[in-house]
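I set out these entries as a record of what I looked up in the structure. The sequence and the structure come first, and my notes follow.

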Amino acid sequence: MDARKLDFGQVPIIARGHTFDTVTEKISDIVLKSGTPKWWFGAFLVGGALLTGLLFALTVLVFKGVGIWGNNQPVGWAWDITNFVWWIGIGHAGTLISAILLLLKQEWRTSISRFSEAMTIFAVACAGIFPVFHTGRPWLAYWLFPLPNTMGVWPQFRSPLVWDVFAVSTYATMSIVFWYVGLIPDLGTMRDRAKSTLVKKIYGALSMGWRGSTKHWSRYETACLLLAGLCTPLVVSVHTVVSFDFAVGIIPGWHTTIFPPYFVAGAVYSGFAMVLTLAIPARKLFHLEDFITTRHLDNMAKVMLATGLIVGYAYAFEPFFGIVYSGNKYERFLMYNRMFGPYATFYWLLVLCNVVTPQFLWSRKLRSNTVALFIIAIIVNVGMWLERFVIIAISLTRDFLPSSWGAFKPTIFDIMTFTGTLGLFLTLMLLFLRGLPSIPMFELKAMLHGETAEGHDEVVGLEAEAAV
Amino acid sequence: MKEVKTYPIYGVMAEFETPHALILATKAAYGAGYRVMDAYTPFPIEEVSEVIGFHRKDNKVPLATLIGGILGGIGGFSLASLASSSWYPLNIAGRPLIPWPAFIPVTFECTILLAGLSCAFGMLAMNGFPQPYHPVFNVPSFSRASNDRFFLCIEARDPKYDESSVMDLLRKSDATEVTRVDG
């Protein structure tokens, strides 16, 4: 293999010396070799424990109602919606990596694409729990969908909440379809490499009988490109619609036109932070440094820095709009309340996490230090959660009428539900890492093939030059 | 008397070590007049489908996607308009019953959803999936088609098919192995 093409003074995307066979072996062995590593069980225990907490909290909720949460007038949307927006935002990086970077021909995306796409699906699953249970009667959640019914009632299509139902369910469906389509050829590889008949049958059924026919590949590649093209505007629309939930409302701090771009940038920001949070330990523990190189981490850190700056810009503009430009006393009070009110700590903490912390990423040295990068990513995750909390809950505590002001305090069930979704996410991620090829093998092989072909051209080119 | 069960022949399969060898052999087979054949590779190689005679215009996935998208768009907008204007009309201060800008998000999401589903399921259906059995899997070394080997199969359905001449043709190429595929 000739890595010269990719190696312009940087770490290559795939470490040198890999052949088609070693790529297949290295990635499929994680799944097919018996013997789950010890740390996996440890992590699974943690995830499972938190997940049990989630099941408990939700069971209590179904019996007692949403009153077990801290939500109350005037703060009707609190941790639940904060968590919903946070999780959906995290999902966005997965689609960005798998769809937008595919269209932009960013080859480095390949090795992290499936992993982050899985992250998207699990994050959307976590997100979906909150609005469904916030309805208080989750068994009637199907009323959100436009289904003909004997009551003759239909959803209100002028409402952003209905748009949200359409956006999020489309997003979940498309993410699963895109991810599964992307998995099919690798499931075929797993089938062909599995030793036990049962495992062979399972992967065989999942791969639908994929055999790598060139005609199939041709349609397959077109489908992948088209799905990527469809997911690109979709991902932008989803967080835009999520931000409409607030922007269309009249609450000061919600009623803002910059929300759509601001939310999308924030989503990508937090999503990349989450990809890094997961990828750094996963590459170490599964010895995938050859495929997820420091180049990937460096690029992701750069995307994080860029989106972090956009978010910082939005933070600077919010007070400008609120205090200087609007001339609206409620808006002005909102900004004052955010910065100096009873929840001011959260505001300044979020500025520290989201604006100050990413500035460390200007340093190449820190970007190539996985421990530093991991810590920064965690801080950004926390910061983005705080941002959503500040926007959603704190804006509600003090609106127009001082007589209706209030405060918000989470209950143990708020905490258990949130940590429970973290547990659900961790559990699903662990099952994915152990059960499915976490790096697209066929795409890596296509890249290796492309490199050798290019290297060949380069040699030919040099010879031609020499002849001249 | 015990009857010997016979299987129909599916075709002849050749195995190659490199994509380049596969492309050369495919070109040779196409040049010799064979048309009903297929190549099997561990990753997509555009050149192979070109030389095998499967061109861009034979690929109907974009058409399926377009149709799905158009239906989804019309469907989404009609759903929102009908629900708000005839199935459950709400007159709020005389505002229009069909405020079209408010229906754009739903229309857009339905467009994407139906386009995406018809793209994915269209691709699977056109590829004939799910397909639990296929004769090529009878070739023992075929399991490497999903790893690091490249295969060409000239099928018995080809009007020019004649087993010995196909075998000869493929043996002349860089194939590491040439096998008959039982159906």
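Entry 1. Where is the place of A:Pro74? I worked from a predicted model and found A:Pro74 in the loop between helix H2 (38-64) and helix H3 (79-103) of chain A. I noted that the peptide bond joining A:Gln73 and A:Pro74 is cis, with omega about -5°.

I recorded a cis peptide bond in chain B as well, joining B:Phe129 and B:Pro130 with omega about -5°. B:Pro130 sits in the loop between helix H4 (100-126) and strand S3 (150-155) of chain B.

I then looked up A:Met208, whose phi is positive, about 65°, although the residue is not a glycine. A:Met208 belongs to the loop between helix H6 (197-207) and H7 of chain A.

**Entry 2. Confidence in chain A.** I read a mean pLDDT of 89 for chain A, with 94% of its residues at 70 or more. Over residues 1-8 of chain A the pLDDT is below 50, and this stretch has 19 contacts in the model beyond near neighbours in sequence. Residues 455-468 of chain A also have a pLDDT below 50, with three contacts beyond near neighbours in sequence. Where pLDDT is low, the predicted coordinates should not be read in detail.

**Entry 3. Chain A against chain B.** I found 46 residues of chain A in contact with 51 residues of chain B. On the side of chain A that touches chain B, the elements giving two or more residues are helix H1 (20-32), helix H5 (160-193), helix H7 (214-247) and helix H15 (441-467). H7(A) supplies the largest share of that side, 16 residues. By class, I listed 22 nonpolar, 16 polar and eight charged residues on this side of chain A.

**Entry 4. Helices H8 and H9 of chain A.** How do these two helices pack, and at what angle? I noted an angle of about 150° between helix H8 (residues 259-285) and helix H9 (residues 294-325) of chain A, with their axes 8 Å apart. H8(A) and H9(A) are therefore roughly antiparallel to each other, and their crossing is left-handed. Among the residues that meet are A:Tyr262, A:Phe272 and A:Ile280 in H8(A), and A:Leu297, A:Met304 and A:Val311 in H9(A). I counted the residues of this contact by class as 16 nonpolar, three polar and no charged.

**Entry 5. Domains of chain B.** I looked up the division of chain B into domain 1 (9-56 + 131-182) and domain 2 (61-126). The centres of domain 1 and domain 2 of chain B, taken over C-alpha atoms, are separated by 44 Å.

Key:
Residues numbered from 1 in each chain as written. Chains lettered and ligands numbered in written order. Predicted model: local features only at pLDDT ≥ 70, side-chain atom pairs only at ≥ 80, totals over all residues. Domains from an automatic or database assignment. pLDDT = per-residue confidence, 0-100. Contact = placed C-beta atoms within 7 Å. Helix = DSSP H or I, 4+ residues; strand = E, 2+ residues; numbered from the N terminus. Nonpolar A, V, L, I, M, F, W, Y, C, P; charged D, E, K, R; others polar. Axes fitted to C-alpha atoms, helices over the stretch in contact; angles between N-to-C directions. Parallel < 35°, antiparallel > 145°, perpendicular 65-115°, else oblique. Left-handed = near helix turned anticlockwise from the far one by under 90°.
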